[in-house]
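Student: I have a structure open and would like to learn how to read it. Where do we start?

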Amino acid sequence: MRLLQHLTALIIFIASPQAWSNPEEDRQLFLATFAGNIPDVPISQYIYGSMMLSEDALNQYESIMDFPPFQEMVDQGKKVWETPFKNGQTFANCFGNKGTNVAGTFPYYDTTHEQVVTFEMALNFCLERNGETRMSYVDPETMGALSAYARSLSDGMLMQIEVPNAQALTKYELGKSLYFKRIGQYNLACASCHLTHGGRYFRDELLSPTIGQAVHFPVFRGGERLYTLQMRYQRCMEAVGAVAFESGSETLNNLEFFHSYLSNGLPLQSSVYRR
Ligand code: HEC
């Protein structure tokens, strides 16, 4: 009976992605769906993605994280974060609380500029405001390394994305509709894999549930290849045979806004190993 209720709710939910949503209701519906599909796994485990379902994978993760092979990259980001700009200012001065425990509020809706601002955008705004050159959103060596370190200052903070007004909700809706839109040669939506099959096998891949995905970026795939969250979105879009939207584009920013909201309440942990 409970399953039937969830299914009915899910069908209504999927059938009307464009309807005016209530983000908290969306999050609860995702939670209920996963609770039904992945029984006996507490939400706190979702931060491990698909590894939460395999003891072997989790053990391997723990041992890699004891001596992360990518530490040098994070240290490189630390150096960039700490080196003053030509005008003597620093990245820390661009953020509240000197950049500590702030990443969990990103992306946020900027009412003045009527746009969603991601953490990586805020890093670029900081450079620009101080007369420095912006970094490419897809360059692991610059933006990637900087983001890895800067986000680590918020490790342990709980994700707390807000959708404060109707304009913000419009952006959230845009992100949500992309999440449910079937794209590419394979005609699959993010939801097909990470909602419907989250915590289950799809073909031969064990898929992570959407909740928990946004709290641990960047990831180092294979222990060395850095992916920001939006680079990961791009990878999934290519995998279904779609042309990926650009990192830093409004489309992916809105997707990140919706996607991150769903992980509200989970602790951030940047720079982790992924397969
Ligand atoms: C064909 C199925 C499929 C589709 C469709 C798909 N993905 Fe994925 N995605 C995967 C697989 C496989 C992985 C790697 C295993 C895992 O972590 O789930 C992955 C990983 C991810 C991760 C990293 C999870 C982690 O813990 O490191 C994110 C974030 C993600 N996908 C987001 C998206 C978004 C957003 C979309 C829609 C644009 C999308 N995916 C569409 C299959 C898919």
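Tutor: With a definition. Ala, Val, Leu, Ile, Met, Phe, Trp, Tyr, Cys and Pro count as nonpolar, Asp, Glu, Lys and Arg as charged, and the others, Gly among them, as polar. Keep in mind that this model is predicted.

Student: By class, which residues make up the shell around the ligand?

Tutor: The shell has 11 nonpolar, seven polar and three charged residues. In total, 21 residues surround the ligand. Among the closest are Gly 49, Cys 190 and Cys 236. Helix α9 gives the most, with five residues.

Student: Now the sheet. In what order do the three strands lie?

Tutor: Start with the general idea. Strands of a sheet pair through backbone hydrogen bonds, either parallel or antiparallel. Here the sheet is open, the order is β6-β5-β7, and the pairing is mixed. The edge strands, β6 and β7, each pair on one side only. From one strand to the next, the twist averages 35°.

Student: How many bridges join β5 to β7?

Tutor: Three, and these two strands run parallel. Phe 220 stands opposite Tyr 273 in β7.

Student: Which peptide bonds are cis?

Tutor: Most residues other than glycine have a negative phi, and most peptide bonds are trans. Here a cis bond joins Phe 106 and Pro 107, with omega about -5°. Another runs from Phe 217 to Pro 218, with omega near 0°.

Student: What is the phi of Asp 40?

Tutor: Near 70°, a positive value. Asp 40 lies in the loop between α2 and α3.

Student: Is Asp 40 buried or exposed?

Tutor: Exposed, because 6 other C-beta atoms lie within 10 Å, and 12 or fewer counts as exposed.

Notes. Residues are numbered from 1 along each chain as its sequence is written. This is a predicted model: local features need pLDDT of at least 70, side-chain atom pairs count only at pLDDT 80 or more; totals for chains, interfaces and linings use all residues. Two strands pair if DSSP finds at least two bridges between them. Helices (H or I, at least four residues) and strands (E, at least two) are DSSP runs, numbered from the N terminus. Axes are lines fitted to C-alpha atoms, for helices over the stretch in contact, and angles run from 0 to 180 degrees between N-to-C directions. A residue is near a molecule or strand if its C-beta atom, placed from the backbone, lies within 6 Å of it. A residue is buried if 20 or more other C-beta atoms lie within 10 Å of its own, exposed if 12 or fewer, and partly exposed in between; C-beta atoms are placed from the backbone.
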